[in-house]
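Dear colleague,

Here is the structure I promised to hand over; please look through it first, and then read the notes below on how the chains meet.

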Amino acid sequence: MDTALAFLNTHMEMVYIVILSIFLGVEVISRVPSVLHTPLMSGANAIHGVVIIGAIIVMGEADPENYLALILGFLAVILGTLNVVGGFVVTDRMLEMFKQKKKQ
Amino acid sequence: MLDSLLPIIYLVASVSFIIGLKMLSAPATARRGNLVAAAGMALAIFGTIFLYKKNGEHLHNYPWIFAGLLVGGIIGVVVARKVKMTAMPEMVSMFNGMGGACAALISMIEFNYLQSSGQEAPLGLLLVIVLGLIIGSVSFAGSVIAWGKLNGSIKDKAFAGQHIVNILLLIVLLVLGVIAVGGFAGNWQQEVFYIIIALSLLYGVMFVLPIGGADMPVVISLLNSFTGVAAACGGFLYNNPVMLTGGILVGSAGTILTILMCKAMNRSLKNVLIGSFGGNKSAG
């Protein structure tokens with residue numbers, strides 16, 4: 001119990017960010033027309049690619065002799081990049097198609 | 001001067017994610033919103049590579065990092081450009097799975113560091129590592145199954161009492177998670193950790209397998225918000241505000257989006273997740 005409270009106290013700023021972000025996420029999305037559901041999902045998918053930053057940090061801190069960490073980290077960087085780059089490009093293509101549909 | 005630049009870059013990136021999501025939810029601005037978020041992401045990535053410092057030391061292993069970025073970037077662009085319009089939802093699912101796997105891999109490496117350091121790990125650190133591992137693995141396995149179902153290579157499979165098995169699996173997973181975080185495993189810590197990986201992957205498969213193909217977009221959206229939470233665990237792990245805001249934002253927006261998608265189909269989320277069992281007569 002004490003350790004849990006201590007953990008909360010040392011991370012209070014982050015707990016605030018978490019709670020405010022939850023409400024923000026709900027507010028930002030709540031009035032989306034249903035045609036935009038799939039592009040929005042895809043866009044959000046690209047945004048959670050921020051996990052790539054963790055992969056870069058873990059890779060950059062790895063001991064050059066620790067091959068397990070290097071290999072797993074390398075894989076993580078590749079997968080994270082795929083998520084980010086692929087996510088944004090696919091979203092862009094979806095929205096492009098959407099625009100053309102509207103013109104017709 | 002340069003040292004204080006990174007937090008500002010992270011701030012700008014976080015704001016760009018929020019604005020990007022906001023713009024994405026209106027037809028007129030959607031495409032620009034995507035670009036805004038992408039620009040913020042690029043800023044955050046390159047800021048991290050060149051400016052990130054821990055204990056006054058820059059990152060190293062640059063060749064590995066750039067090779068990874070290059071390989072992932074090229075494959076990502078080529079695959080995303082080539083995919084047929086009709087195959088896009090399954091592509092989104094695949095990319096989502098990659099993000100989940102990335103989060104799980106980060107947890108594995110950090111756990112490996114903790115083990116080899118031999119020191120007793122702080123409770124909070126273990127908690128975010130194990131959470132990131134479980135959620136990331138479930139999201140990865142689930143997304144791959146969703147991808148397979150959408151492109152037709154995996155058929156719906158349900159057997160009697162599957163949701164009971166799933167619930168049991170989830171309970172075992174949670175108990176093991178508590179054991180790992182609380183350090184009750186003693187010398188078996190490593191083994192418990194590996195079992196958690198295996199069970200999380202199994203749960204991801206079992207969770208998505210029985211759900212009908214038509215409901216897949218809803219499930220992908222749900223897994224999408226899972227990966228967001230897994231990314232946020234990484235934010236706690238590295239005290240990194242942009243991972244935290246980006247991850248939680250997607251986690252909450254994704255959850256709401258999932259509910260909205262269900263509503264658009266005139267169904268409830270519970271109905272989508274459990275309903276398939278009623279629909280499959282041969283299973284009952």
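Between chain B and chain A of this predicted model there are 16 residue pairs in polar contact, both residues being at pLDDT 80 or more; a polar contact is a pair of N or O atoms within 3.5 Å, where within protein one must be able to donate a hydrogen and the other to accept it, and residues adjacent in sequence count only if both atoms are side-chain atoms. On the side of chain B that touches chain A, α4(B) gives the largest share, with 17 residues (helices are DSSP runs of H or I, at least four residues, numbered from the N terminus).

In total, 88 residues of chain B are in contact (heavy atoms within 4.5 Å) with 78 residues of chain A. The rule also finds 3 salt bridges across this interface, taking a side-chain nitrogen of Lys or Arg within 4 Å of a carboxyl oxygen of Asp or Glu; A:Asp92 forms a salt bridge with B:Arg31, with the closest N and O atoms 3.0 Å apart.

As for confidence, the model scores ipTM 0.91 and pTM 0.92, and chain B averages a pLDDT (the predictor's confidence in each residue, from 0 to 100) of 90, with 96% of the residues scoring at least 70. Over residues 277-284 of chain B, however, the pLDDT is below 50, and where pLDDT is low, the predicted coordinates should not be read in detail.

Residues are numbered from 1 along each chain as its sequence is written, and chains are lettered from A and ligands numbered from 1 in the order in which they are written. Local features need pLDDT of at least 70 and side-chain atom pairs count only at pLDDT 80 or more, while totals for chains, interfaces and linings use all residues, and side-chain values use heavy atoms, with hydrogens and water left out.

Best regards

Key. Helix = DSSP H or I, 4+ residues; strand = E, 2+ residues; numbered from the N terminus.
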